[in-house]
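Open the model in your viewer and get ready to select residues by chain and number. Each stop tells you what to pick and what you will find there.

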Amino acid sequence: MEKLYARDVYGKTLVELGKKDDKVIVLDADLSGSTRTSFFKREFPNRFFNFGVAEQGMMATAAGLASSNKVVFASTFAMFATARALDQIRNSICYNNLNVKIVATHSGITVGEDGGTHQALEDINFFRAIPNMKIIVPCDGPEARLAVIAAYKNEGPFYVRLGRSKVLTIENKNEFVLGKGDILVEGQDIAIISCGAMVIESLGALEILKEKGIYPTVVNMHTIKPIDQDLLITIAKKHKKILVCEEHQVIGGLFSAVSEVLIRKHPVIVERIGIEDTFGQSGVPQELMEYYGLTASFIAKKAQECLR
Amino acid sequence: MKNKIDVLVSTANEIRKLIIKMLAEAKSGHPGGSLSSTEIITCLYFEVMKNDPKNVDWENRDKFHLSKGHCCPALYAALSLKGYFPQEELMNLRKLGSFLQGHPDRKTPGVEVGSGSLGQGLSIALGMSLAAKLDNKNQRVYCLMGDGEVQEGNVWEAAMAAAQFKADNLCGILDNNGFQIDGRIEEVMGLEPLVDKWKAFGWNVIECDGHNIKQLLHSFEEAKKIKFKPSIIIAKTVKGKGVSFMEHVVDFHGRAPSEDERAIALNELEKNKI
């Protein structure tokens, strides 16, 4: 199976968009090598602006550019693209409903060795509460490209959340539609709903569970906002339990988004796998995934508990 | 026939009267900084900027961003006098459903980008000026800031970036009235030496009397001539200018005039008629 850096795909997609449309402008805050916006800089140096280590200025400038008919991509690590500039994003970008696409890399616990101050685990929460903002968490390289293109094609502010590490490409996905979850495997009794790096883990859990005679439904919920209400209600009607998996705090992310819909529309028990209200720490990404209970075996175990 | 300067002085006086009327009607808002920035906004809208209220989205218009968004009464009054919307609308300031929000909003004809959270406007204006340069437009972007506002870190991020990107089509104006909500700037959080700070950040700095139309117009002309660096006009102003009991009174930063105060203020301004 193919393994890609979603950020490599992001850099290439920016170049692709930049060739088609000279309104595309890219901003970065001293991390262009890591976020791969450097690919765009190489091709279109006059449409690339590096703000140095100054994320607030970058985000507010993005608002000004977008108000002047530019499609602006602003990138840095997820930790600095969110809370560090949250007021600028809320008041300058989202309040004015401007065409700024915040594409952040190095999200989640899989940032690894850099440790807790660099592991953005609250970013979805911050942005979910802001009107006009849309949020996509792609599960692999090819989906990262589709997410970036969707953000480009749809007017208004977007947050696209990418990771640092290479991720396996998931085969046999259905067509990517913004705002629509993708049922990867149709099963029964329990539905596992995940996003980002947790989708491949959920498919791993499926294999473990099959051996025990459990056949869950697996959903890739790449768009967190707007959340696919219809799909959630349909799934809740067909399954006894739902298990939500995310590489994010259990407060305010996908688990919250799913629960908020189902508590009103079709209450079922919704369980969760995520970071349990704690900060991360240094370690190899895979070690951290194990330590914080995010891998396939933990998902499988939790699914079994849910059905007991 | 009145000369250009006299007309602008008279327009500024009209704007002051509208500020008092709309704030008294709204019963809340910010007179102090609106009155201190009146001549600056008057010069921009009635002389300096290329703009056309009949064609709000005119591609080559100059742009204005009110970073000190709380002083929008001065902007709204100027926009209505200029013809962007009917003057009666001013009495809807801060009312439910009005396009004249308590802080600037894109709903208002003539407002490019909303503002209100201090410190972000210079970056927004920089974005507009970079876009103009990319599009090879002969367009200037003006950004009005308060002096209390420049305590915000984002202002200095913008200052750094504008110099780095040689945004010579960007002109900042600092309404230097010396007060912020909690008191005198130098007592709350000192900013001096302001001129040196902006120079150190790579800006062309012009100082003037922010209530002297002639000096302001000259300063805007000077700024236009400077190439490869952004300009800032540090305009010395008086908070509450034009209304005797509001001048230098910090209480009127964010308190609307009562009915009695409205009458006294309008009476004073009426006497200024040329």
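Predicted model: local features only at pLDDT ≥ 70, side-chain atom pairs only at ≥ 80, totals over all residues.

**Stop 1**

Now widen the selection to strand 6 (residues 134-136) and strand 7 (residues 158-161) of chain A. These two strands run parallel and are joined by three bridges. Strands of a sheet pair through backbone hydrogen bonds, either parallel or antiparallel.

Next, show the whole sheet. Seven strands of chain A form an open sheet, in the order 3-2-4-5-7-6-12, with mixed pairing. Go to its edges: strand 3 (48-50) and strand 12 (223-225) of chain A each pair on one side only. From one strand to the next, the twist averages 20°.

**Stop 1: two domains in chain A**

Colour residues 3-168 of chain A one way and 182-307 another. The domain assignment calls these domain 1 and domain 2. Their centres, taken over C-alpha atoms, are separated by 25 Å. At the contact, 27 residues of domain 1 of chain A meet 30 residues of domain 2 of chain A. Which elements supply the domain 1 side? Helix 7 (123-128), strand 6, helix 8 (141-153) and strand 8 (166-168) of chain A each give at least two residues.

**Stop 2: one glycine**

Select A:Gly253. It sits in the loop between strand 13 (239-249) and helix 11 (254-265) of chain A. Is A:Gly253 buried or exposed? Count the other C-beta atoms within 10 Å: there are 26, and 20 or more makes a residue buried, so A:Gly253 is buried. Leaving out residues up to four places away in sequence, A:Gly253 touches A:Ile124, A:Asn125, A:Glu246, A:His248 and A:Gly274. Now draw a distance to A:Ile25, which is 228 residues away along the chain. The two C-alpha atoms are 29 Å apart.

**Stop 3: chain B as a whole**

Chain B has 10 helices and seven strands. Its C-alpha atoms fill a box of roughly 50 × 45 × 40 Å along the principal axes. A compact globule of 274 residues would have a radius of gyration near 19 Å, and the 17 Å of chain B agrees with that. Of the 274 residues in chain B, 53% are buried.

**Stop 4: a strand inside chain B**

Select strand 3 (residues 170-176) of chain B. Why is this strand described as largely enclosed by the rest of the structure? Because seven of its seven residues are buried. In a regular strand the side chains alternate between the two faces of the sheet. Look at one side for B:Leu170, B:Gly172, B:Leu174 and B:Asn176, and at the other for B:Cys171, B:Ile173 and B:Asp175. Both faces are covered.

Now find the neighbours. Strand 2 (residues 141-146) of chain B runs parallel to strand 3 of chain B, with six bridges between them. Here B:Met145 stands opposite B:Leu174. Follow the chain from strand 2 through helix 6 (residues 153-164) to strand 3 of chain B: this β-α-β crossover is right-handed.

Finish with strand 7 (residues 231-236) of chain B. It pairs with strand 3 of chain B in the parallel sense over six bridges. Select B:Asn176, and you will find B:Lys236 opposite.

Terms used. Residues numbered from 1 in each chain as written. Chains lettered and ligands numbered in written order. Buried ≥ 20, exposed ≤ 12 C-beta atoms within 10 Å, placed from the backbone. Helix = DSSP H or I, 4+ residues; strand = E, 2+ residues; numbered from the N terminus. Pairing = 2+ DSSP bridges. Right-handed = clockwise from strand over helix to strand, strands pointing away. Axes fitted to C-alpha atoms, helices over the stretch in contact; angles between N-to-C directions. Rg over C-alpha atoms; globule rule 2.2 N^0.38 Å. Contact = placed C-beta atoms within 7 Å. Domains from an automatic or database assignment.
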